[in-house]
Amino acid sequence: MSPLLTLRDRARVARHHIVLPEGTDPRVRDAAGRAVAEGLARITLLAPEGTPVPPGVTLEDPKTSPRRNAMAEAFLAARARRKPTPVQAVEAIGDPLVWAALMVREGLAGGTIGGAIHTTSDTVRAALQIVGMAEGAPLVSSFFLMVLPESHPTRPGAGLIFSDCGLVIDPSPEELAAIAHQSAASARALLGVDPKVAMLSFSTKGSAHHMRVNKVIEAVEIARATADFALDGELQFDAAFDAGVGASKAPGSAVAGQANVLIFPDLDAGNIGYKIAQRIGGATAIGPVLQGLAQPANDLSRGCTADDILDMIAVTSAQIDAAHG
């Protein structure tokens, strides 16, 4: 079964409460209605009073909600180190991204999804400032869940994790190692697989020498020291993905030719790579999904469809399960 269908089935069992802050967007309203109709989640949309919403979807207007005073107090607590004034708190909670993040922080929703009309920086900023980082997390990173087409010649319908394709621009070796660990955990939570993590480069096992290759080699050493999953690098993409190439270029590797988690050396490579897989390879790309936060808060591409949002609701539901597991 497709990983996306499996995630939707899991979401139907849990029926978590998810808040969508961009209720003015018709794609978001469409996805909200379908999510409720299909039993994937309980949905609250944030939008002005009077906005038409599908049956079964809850509408809340941050500007008129009876919870405004409580949410302003929650904002003051969340941002206490910055010492905002009550006036600043009232202004801040008028932002639906902030209100949605406060709902998650206060336990009023299990997760939030934005980004259909807001930039990634706006979406991530609200999540970081209000939801905060998970205990012990060295950074917040992102991944795309890539689902290959059923017509793929070697891995029909397979699910893969591509990271980081949306957030960390030029990770240090330590950050790259942390992204590998976070992405392996995401693969377990979403795909239910044993992670096989490939640290990607333009070199495979010393075939090229450069400071950028050295960064990946160092990251592999750092990640491997505490990894409870299969990990190898540095590997070129073909050596990581294709069994024949992997056997030729990295014989004896427990990852080469079998990788299901692919860690790109920087955001240039990751962002270009996932879009090539999506636009030329025909893969479905869901994300960017954030990892390293205390509770689920996810981003969307501004070019997303209602189907993409529905899939992100299922992904977010699985993250909520993992957070409470």
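A residue is called buried here when its relative accessible area is under 20%, exposed when over 50%, and partly exposed in between, with a 1.4 Å probe and protein chains only. By that criterion strand 1 (residues 17-20) is covered on both faces, with His17 and Val19 buried on one side and Ile18 and Leu20 buried on the other. The model is predicted, so that local features need pLDDT of at least 70 and side-chain atom pairs count only at pLDDT 80 or more, whereas totals for chains, interfaces and linings use all residues. Residues are numbered from 1 along each chain as its sequence is written, and side-chain values use heavy atoms, with hydrogens and water left out.

**Domains**

- An automatic or database domain assignment supplies the domain bounds, and the protein is divided into domain 1 (3-132 + 294-324) and domain 2 (141-280).
- The centres of domain 1 and domain 2, taken over C-alpha atoms, are separated by 30 Å.
- Contact (heavy atoms within 4.5 Å) links 10 residues of domain 1 with 10 residues of domain 2.

**Strands and the open sheet**

- Helices (H or I, at least four residues) and strands (E, at least two) are DSSP runs numbered from the N terminus, and two strands pair if DSSP finds at least two bridges between them.
- Strand 1 runs parallel to strand 2 (residues 42-46), to which it is joined by 4 bridges, and valine 19 stands opposite threonine 44 in strand 2.
- An open sheet of 6 strands has mixed pairing and the order 8-7-9-6-5-10; its edge strands, each pairing on one side only, are strand 8 (230-235) and strand 10 (284-291).
- Neighbouring strands of this sheet are turned against each other by 20 degrees on average, direction ignored, where axes are lines fitted to C-alpha atoms, for helices over the stretch in contact, and angles run from 0 to 180 degrees between N-to-C directions.
- Strand 5 (residues 141-147) pairs with strand 10 in the antiparallel sense over 6 bridges, and methionine 146 stands opposite alanine 285 in strand 10.

**Helices on the sheet**

- Helix 8 (residues 211-226) packs on the sheet, where it touches strand 7 (196-200) and strand 8, and its direction makes about 170 degrees with that of strand 8.
- Helix 12 (residues 306-324) lies across strand 5 and strand 10, running at about 40 degrees to strand 10.

**Helix packing**

- Helix 5 (residues 96-105) and helix 6 (residues 120-131) pack at an angle of about 35 degrees, their axes being 9 Å apart.
- The residues of this contact include Leu97, Val98 and Ala101 of helix 5, together with Ala126 and Ile130 of helix 6.
- The buried residues of helix 3 (residues 68-78) are Met71, Ala72, Ala74, Phe75, Leu76 and Ala78, and they pack against helix 4 (86-92), helix 5 and helix 6.

- Glutamine 319, found in helix 12, is buried with a relative accessible area of 13%; leaving aside neighbours within four places in sequence, glutamine 319 is in contact with Leu190, Val289, Leu290, Pro296 and Asn298.
- Glutamate 234, which lies in strand 8, counts as buried at 3% relative accessibility.
- Not counting residues up to four places away in sequence, glutamate 234 touches several residues, among them Met199, Lys205, Val213, Ile217 and Val220.
- The C-alpha atoms of glutamate 234 and arginine 68 are separated by 52 Å, the two residues being 166 residues apart along the chain.
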